[in-house]
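Hi,

Here is the structure I promised to pass on. Have a look at it first, then read my notes below.

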Amino acid sequence: MTSASELITVEEFFTPPTRSHARISPDGTKVAYLAPWRDRLNVFVRDVDSDWSTPDDGAHARRVTADSRRSIESFFWTADGRYLLFQQDADGDENWHLHRVDPARPEEPAVDLTPFEGVRVTDAHLAPNRPGTAFVQMNKRRPDLIDLFELDLATGELTTVAENPGDVIHWLSTPDRVLAITMAEGGDHVLWEWTAAARRLIARFPGTEMVYAVVPMVLTADGNGLWIGSTRGSDRTRLVRLDLDTGEQIDVDSHPVFDLDTPRPEVDPRYPSSLILHPSTGELLGVRYLGARQTIHALDPHFAAVLPRLAELSDGDLGHVSCDATAQRWIVDFTHDRDPGVTWFYDHATGETRRLFRPFPHLDPARLAPVTPITLTTRDGLDLPCHLTLPVGLEPRDLPTVVLLHGGPWYRDSWNYDPEVQLLANRGYAVLQVDFRGSTGYGKAHTRAAIGQFAGRMHDDVIDALDWSIAQGHTDPDRVAIYGSSYGGYAAMVGAAFTPDRFAAAVSYTGMSDLTDLVRSVVPVARRAIENNYLRYIGDPDDPGQEADMLARSPISRVEDITAPMLLIHGANDVRVARRHSDRMVEALRARGIEVEYLLNEHEGHWFINSDSRIELYRTLEHFLARHLGGRSQTGRPAVASRAASGGGQDARDGR
């Protein structure tokens, strides 16, 4: 084939899904899901046995939330099915509040159960045997300390369960006991049983074994143990049961090659947890491992019988799973590179299966590009997992190419549908995603290899992958852009500044330009948790020697070496990477006369959530890349891009 596939509009890729994130109620009669209302995703409920070909109007479905400001991303049922709970922030400020809606009274507005300005709910846990309450962690008393509360879901009454004396970074709780995790000198995490009078040591976990925390870490259904991910004595993460009375850790399950699918789901709720739990009882049903594709091990006899029936429904990987209290009626969706989130109903008692919906019915999978996992070898001999996506209908030779880098960097790519990847492939670009050292999910040695290697061997990995694609004939070396968000935005600026001869254009989306500023500006509530990630991998700016090294690895210190045109994108309310990281780069580049375009959105944070923001972003991106790499774009140029480029970073949506 030599002709490109039909152009798919940005709107088709980035308008909200018609339905998504379906979850069955504990009694098995209703399904809650997300659907658009006033261009924002809201929660709807309908009968599981209804005709799903009918519209989501009042005659067939009940809308139970009414958020016209910001899309809701996820929600969950209480164990008794009385309420639906969801978390929401304001314009990306990440001060999450816990909200409640009553599906039996859809006309009533959602209730903010934590209506405290500037306060962030960091965790909300439902105990199966206390359906009327939730254990909530938040920094209500002090901005830098997380306390534990029990919240009455009906009245909103808060009862303090435990106050943080200053060293607790996370709590776990049952009706019978409270557990605390503290950070020790050197980054070790210490697990304690907590009482008002004393604390009892249960276990200590070496900080060198983790990036964020011990994950997953979930209470067993009987409350006497924890399911945890462990790399103790091995490179791969396996499942272990920790006894809360004795501290003994017993191996439960493992995979010979793959890690438990963690920690990505813990930091990105779009992905299902590595632990498949019964939503009503908390019993462990199965575990997920992820390599090039997913493998699930069933750990419950009933789920072992259900799992093959679910797997038959799709050639994708089993995604989010929910069941009723009897574990007979199931709602599941599937991960797929071209047909994402297809959602099915399965009744194990009768064998009935029904496809309920496709989230993106307007997208034909045949028009989308396959995503291919590959493994390369770096210049120093490490395995380098990557994903290559080639445009449909074009000869895969001498293509303009976008090197697309994930955030974190403690994160990973995988075989799945990414509208960003598909947009780029549809525009005629080869898309090369690189799981450079520091990425998680490929063993702790692969992650640890990034210590001290920001703008060093981490970037060498990117160049090695690009050289492979050029050697394969896929990539035209004169038409390559480097692009990413968060850490990936930093890596894109590193590409432009440290290897300027390799890239014709660079795009940073909420990327950090100054590593010292990044570490110094961590929000108070997260400062105790950076010992094993920022400080170990990047450096401590309070140490003069490390500060100098961090600055040397920061793009802001190498602006004079940048020659390629750049596009910078930022949310004004970003609390992870402050907008000044982009502001400073834009100012410095313009002072040198380098072509730079700046899209600043006053209504978003670290990630753009609302569909109008995303459409604006990707229209700007496609036109920028078309100008500098020669790919396709929709007719016309978005006015927002020209205003942002000439306005010194002013938001182009003033007055809305």
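To follow the first bit, you need to know when two strands count as a pair: DSSP has to find at least two bridges between them. By the way, this is a predicted model, so please keep that in mind as you read.

**The sheet**

In general, the strands of a sheet pair through backbone hydrogen bonds, and they do that either parallel or antiparallel. With that in hand, find His387, which stands opposite Gln433 in β32. The two strands to look at here are β30 (residues 383-389) and β32 (residues 430-434), which pair in the antiparallel sense over four bridges.

Now zoom out. There is an open sheet of eight strands, and its order is β29-β30-β32-β31-β33-β34-β35-β36, with mixed pairing. At the edges sit β29 (371-377) and β36 (596-601), each of which pairs on one side only. Going from one strand to the next, the twist averages 20°.

A helix goes with this sheet too: α4 (residues 419-426) lies across β29, β30, β31 (399-405), β32 and β33 (475-485). Relative to β32, helix α4 runs at about 145°.

How many cavities of 30 Å³ or more does the structure hold? There are two.

The largest cavity has about 140 Å³ of space in it. It is lined by 15 residues, and the closest to its centre are Asp261, Arg264, Leu290, Gln294 and Thr335. If you sort the lining of the largest cavity by class, you get six nonpolar, four polar and five charged residues.

The second largest cavity comes to about 40 Å³. Its lining is made up of Ser5, Arg367, Leu368, Ala369, Val392, Gln422, Ala425 and Asn426. Those split into four nonpolar, three polar and one charged.

Next, the second largest pocket, with about 480 Å³ of space. It has 30 lining residues, and Glu209, Met210, Val211, Thr231 and Thr237 are the ones nearest its centre. The elements giving two or more residues to this lining are β16 (199-205), β18 (225-230), α5 (444-448) and α9. By class, the lining of this pocket has twelve nonpolar, eleven polar and seven charged residues.

Start with Asp517, in helix α8 (residues 515-520). Is Asp517 buried or exposed? Its relative accessibility is 13%, and buried means under 20%, so Asp517 counts as buried. Leaving out residues up to four places away in sequence, Asp517 touches Arg580, His581 and Arg584.

Then try Arg528, which is in the loop between α8 and α9 (531-538). Which residues does Arg528 contact, apart from neighbours within four places in sequence? They are Asp144, Leu145, Gly166, Asp167, Ile169 and Met183. Take Ile169: Arg528 and Ile169 are 359 residues apart along the chain, yet their C-alpha atoms are separated by 6.8 Å.

That's what I have for now. Happy clicking!

How values were computed
Residues are numbered from 1 along each chain as its sequence is written. This is a predicted model: local features need pLDDT of at least 70, side-chain atom pairs count only at pLDDT 80 or more; totals for chains, interfaces and linings use all residues. Side-chain values use heavy atoms; hydrogens and water are left out. Buried means under 20% relative accessible area, exposed over 50%, partly exposed in between (1.4 Å probe, protein chains only). Contact means heavy atoms within 4.5 Å. On a 1 Å grid over the protein atoms alone, a cavity is a set of points where a 1.4 Å probe fits but cannot get out, and a pocket is an open set with protein on both sides within 12 Å along at least five of seven lines; lining residues have an atom within 4 Å of a point. Grid points are joined across faces, edges and corners, and a volume is the space filled by probe spheres set on the points. Ala, Val, Leu, Ile, Met, Phe, Trp, Tyr, Cys and Pro count as nonpolar, Asp, Glu, Lys and Arg as charged, and the others, Gly among them, as polar. Axes are lines fitted to C-alpha atoms, for helices over the stretch in contact, and angles run from 0 to 180 degrees between N-to-C directions.
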